[in-house]
Amino acid sequence: MPIAVGDVVEHRFVVEADQMAAFQALSNDYSRIHTDDEYAHSRGFKGAIVYGGIMMAHLSYVLGSKIPGSLGTSGRWQVDYRAPLYVGDSAVLRLEVTYVSKPMGVIQAKFTIRAREALVATGTVQSFVPETEIAGE
Amino acid sequence: MTIDNAVFAKLTEIARTLFDEYQGPWTPALRSEDVEQWDSLATVQFAVMVEQAFNIRFSTDEIVRLDNLGAIASIVAQKKA
């Protein structure tokens, strides 16, 4: 079905310790806030917090498989992190299409990531899509 | 070409955020080839930002003419008139 303003998709995920380890190995980011519970406590968190990059990997999954799907190309991502996500939290990423342009082959969407009834992250994305994939305006 | 100053000021504000590496003068004569960051992809991003800022929609014919600030300002002013 062609993409239209108001289209929504939700994706549930849980980040586990093995995924944290895999991301550490991939990124070489060994920041203590992500790897050291004691240090995280000293900074006011309940424990080591999930890498933002892992959350963005889940955003990538949504973009590549749901909206806009396998034919899209990301042009812009903007993200604000609002609260920590902890290992084992059940999170929901919700993405809603806010703008489409069929002549330009562009869609924009806003997204939120929520966990523990808290807003963890918000942001916007822009993707380039074949115009045949976009609903008429 | 007559330029609406208010439209041009708002356009320039948008362009400054998108082409943040550009250090030269912001004039209606500024063309895409004058700005390293202003490639075809950026033209589309710029057009989207302009559409949203001015609450207008560009046609396919207009999109291909969005390659300099003066032309964009002129098209926007016509649409807002």
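In chain A, strand β3 (residues 90-101) and strand β4 (residues 106-115) are paired antiparallel through 10 bridges. Strands here are DSSP runs of E with at least two residues, helices are DSSP runs of H or I with at least four residues, and both are numbered from the N terminus; two strands count as paired if DSSP finds at least two bridges between them. The model is a predicted one, in which local features need pLDDT of at least 70 and side-chain atom pairs count only at pLDDT 80 or more, while totals for chains, interfaces and linings use all residues. Residues are numbered from 1 along each chain as its sequence is written, and chains are lettered from A and ligands numbered from 1 in the order in which they are written.

A:Q108 is placed opposite A:Q126 of β5(A). This second hairpin has 2 residues between β4(A) and β5(A), with A:R116 in the turn showing a positive phi of about 55°. β5(A) also pairs with β2(A), antiparallel and over 8 bridges; there, A:D80 has A:T122 of β5(A) as its bridge partner.

Taken together, 5 strands of chain A make up an open sheet with antiparallel pairing, in the order β1-β3-β4-β5-β2. β1 (8-14) and β2 (73-81) of chain A are the edge strands, each with a single partner, so one side of each has no neighbour in the sheet. Neighbouring strands are turned by 20° against each other on average, direction ignored; axes are lines fitted to C-alpha atoms, for helices over the stretch in contact, and angles run from 0 to 180 degrees between N-to-C directions.

Helix α4(A) lies across β1, β2, β3, β4 and β5 of chain A and runs at about 140° to β1(A). A:L59 belongs to this helix and counts as buried because it has 21 C-beta neighbours inside 10 Å. The term buried requires 20 or more other C-beta atoms within 10 Å of a residue's own, exposed applies at 12 or fewer, and partly exposed covers the range in between, with C-beta atoms placed from the backbone. Neighbours within four places in sequence aside, A:L59 is in contact with A:L93 and A:F111, contact meaning that the C-beta atoms, placed from the backbone, lie within 7 Å. By contrast, A:L59 and A:S42 are separated by 17 residues in sequence and by 30 Å in space, C-alpha to C-alpha. With the same exclusion of sequence neighbours, A:L93 is in contact with A:E10, A:H11, A:F13, A:H58, A:L59, A:V62, A:F111 and A:I113.

The largest nonpolar core contains 46 residues, and those with the most contacts inside it are A:L85, A:L93 and B:L11. Such a core is a set of buried Ala, Val, Leu, Ile, Met, Phe, Trp, Tyr and Cys residues joined through C-beta atoms within 7 Å. Two or more residues of this core come from each of α4 (52-65), β3, β4 and β5 of chain A and α1 (5-18), α2 and α4 (69-80) of chain B. β4(A) provides the largest share, 6 residues. In helix α1 (residues 17-27) of chain A, 0 of the 11 residues are buried, so this helix lies largely in the open. A:N28, which follows α1(A), has a positive phi near 60°.

Chain B comprises 4 helices and 0 strands. Its radius of gyration, taken over C-alpha atoms, is 11 Å, close to the 12 Å given by the globule rule for 81 residues, so chain B is as compact as a globular protein of that length. The rule is 2.2 Å times the number of residues to the power 0.38. Buried residues account for 22% of the 81 residues in chain B.

The contact between the chains involves 11 residues from chain B and 10 residues from chain A. On the side of chain B that touches chain A, α2 (40-54) and α3 (60-63) of chain B each supply at least two residues, and α2(B) gives the most, with 6 residues.

Technical notes: Contact = placed C-beta atoms within 7 Å.
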